[in-house]
Structures are given as C-alpha cells and as structure tokens.
Amino acid sequence: ANGGVDTAHFYDSAGNDRLFMYSTYTKMYCDDYLNLASGFRYNFAYSEVGGTDNACFYDSAGNDRFVGTSAYAEMYGDGFNNHATGFRYNYAYSQTGGTDKAYFYDSAGDDTFVGTSTYAEMFGDGFYNRTDGFRYNYGYSLAGGVDRADFHDSAGDDSLFMYSTYSKMYSDGYLNLARGFRYNYADSQAGGNDIASLYDSSGNDDLVKTSEYATLSGGGFYNYAKGFGENNAYATSGGYDKAYLYDSAGDDHFSATGNQALLNYPDATLSVVDFDWVRATADSGGNNTRETDAVDFVLEFSGDWTSV
C-alpha cells in the first residue's frame, strides 16, 4: 500500500483456516494457500465456506481496543483496524505496549464470561473469544439468555465489588468487569489478602454467609463470593433485606451494635451493615460466643451461642 486509505479483504477456504492480524500486516492461510497484505489501514477477513477457522489479533505499541461478539471480532488502534467475521475462535494478545482494553458481548443464548488476572474469555454456542495480557476487560450481557460471569483472583491483594447490575474484580495490573449478568461467581484461592464487598438492590434481598462463601441475591441477580478473608455486605439501596449467618466448625465470635453486625471466623471476617433482619446460627461446632449492644435491626440467634 503506497498511499490512500487502502482496504484488504480475506476469504476462507473449506478447510481449517488461520488468520493472523497485526497492526502492520495481515495473513491468512490453509493447506494450499497463503495470502498476505502489508501496510493496509483496514483489513477484513471472512469465515464463510466451512472448516474450524481461528483468528489471532495482535496489539500495537499504542493504546488498542479489542471487541469480541458472537458474530465478529475486531482490534483497532492508531493507524490500523482489523476485523474478522464468522470465525469460531478469536484470540487477542496485548504484548507490545500501551493501555489496551477488551470488550466482550454476549449472544442471544446462554453465555459465560471469565475474568482472571492474566486472561479473559467469553463463550457460548458457536463462538469463543479470548484475550491475553489486557489490562482492562469488560463483559456485557445485553442480548438475552441466562448468562454468568466468573472471576478469579491473582496471587496479590484483590478487591471484589458485586452489585445487582454489575460486578468487578481488580488488583495491580488488571481489572475485570461484568455488567448485566444474572449470575456472578468469584473465588479467592491464589493468595493475597482479598476483600469481597457485596451490595443490595432496591428490592428485598437475602444474604447467606458461611465460613466458606457468601451469597447476596434478589430479583434478577445472584452474586457469590468464595474463599475471601474479608467480607463486607451492605444493604443501603432499599427493600427489606435479610442476613442469614452461619458458624464454622471452629470457634466463632459474633457482635452487633447500631446498624452493624460482625462475625469473626478463625480465618475470615464478615461485616453486615444496614440490614433489616439478621439471624446468627451456630450448629457446626466449636466454642461460639456473642456480644450485643443496642441494635436498630431485628436480631435473632439459633443454636449454641455463649454470651460474653
């Protein structure tokens, strides 16, 4: 390409084709052909004829964007725009530099978004999109289906925030966000001092907390956090919200005052703020103690608690 705004189009064969799209050139090949275009501003590739075709996108040294949908994927930045339509598998790599961001969009079916500290992916019937090395990954559930988002921690100190409409998890070097997903699951198992914060909706919501996990659910959402050392739950948006708290097999301590209840496990803590109703149940064993001052919520106890 010697000048002008030039465009290259690539078409697949009936076999399993491979597409590689860089900021400066694109190539597509299979068993009996190889097509390469260098220096084109716009590159479009089509998987229409058959086979299991893969597309790979590579970033530039600048700030690039990747978009992955069930029908197409594209990556673009300063001076280039690469677009692949109909490919079953799309992989995008952030390796060269810049602050790169990825955006994942669902299909009309049941899809899954996965966010980790090193990669993110979204997949459903007929499509699979994945990014490696991107600083920011955003997943959107907009088209329908019963979609879920899974978050996984890093070896460092991670923070999780779960709302009725979106969830996000981040630490040094990454941020993953999922918006509009019916189900959100997060786990803390890689290490670090991880914190989970769960927030209610404007409706009537229920919190369930055991020594292993916490769930907060209501109309249209279900959020689940497992293995976090520090857990915080907030009921500040309205509705009549209830908290069901369960002890561990070890020695646990419950305390409450004002608008807050605290449950200390041997290896985790829970803070409950502004809930309308709280029940603390001790039926798993251990020497469980409780102390309470005046509270502005309904408080019930079940099982073996010793007042101190």
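Tyr174 sits in strand β19 (residues 174–179), strands here being DSSP runs of E of at least two residues, numbered from the N terminus. The model is a predicted one, where local features need pLDDT of at least 70 and side-chain atom pairs count only at pLDDT 80 or more, while totals for chains, interfaces and linings use all residues. Residues are numbered from 1 along each chain as its sequence is written, and side-chain values use heavy atoms, with hydrogens and water left out.

With a relative accessibility of 1%, Tyr174 counts as buried (under 20% relative accessible area, 1.4 Å probe, protein chains only). Leaving aside residues up to four places away in sequence, Tyr174 touches Thr116, Ser117, Arg135, His152, Asp153, Ser154, Asp158 and Met169, a contact being heavy atoms within 4.5 Å. Ser117 is 57 residues from Tyr174 in sequence, yet their C-alpha atoms are 5.7 Å apart. As for Asp158, its side chain joins that of Tyr174 through a polar contact of 2.9 Å (N or O atoms within 3.5 Å, one able to donate a hydrogen and the other to accept it).

On to the rings. Those of Phe, Tyr and Trp (its six-membered ring) pair if their centres lie within 6.5 Å, and planes under 30 degrees apart count as stacked, over 60 as edge-to-face and the rest as tilted. That rule gives 30 aromatic pairs. In one of them, Tyr91 and Tyr128 have ring centres 5.9 Å apart and planes at 55°, so the pair is tilted. Tyr91 belongs to strand β10 (residues 89–93) and Tyr128 to strand β14 (residues 127–132), 37 residues apart, which makes this a link between distant parts of the chain. Ring pairs also tie Phe20, Tyr22, Tyr25, Tyr29, Tyr58 and Tyr93 into a cluster.

Notes: Helices (H or I, at least four residues) and strands (E, at least two) are DSSP runs, numbered from the N terminus. Buried means under 20% relative accessible area, exposed over 50%, partly exposed in between (1.4 Å probe, protein chains only).
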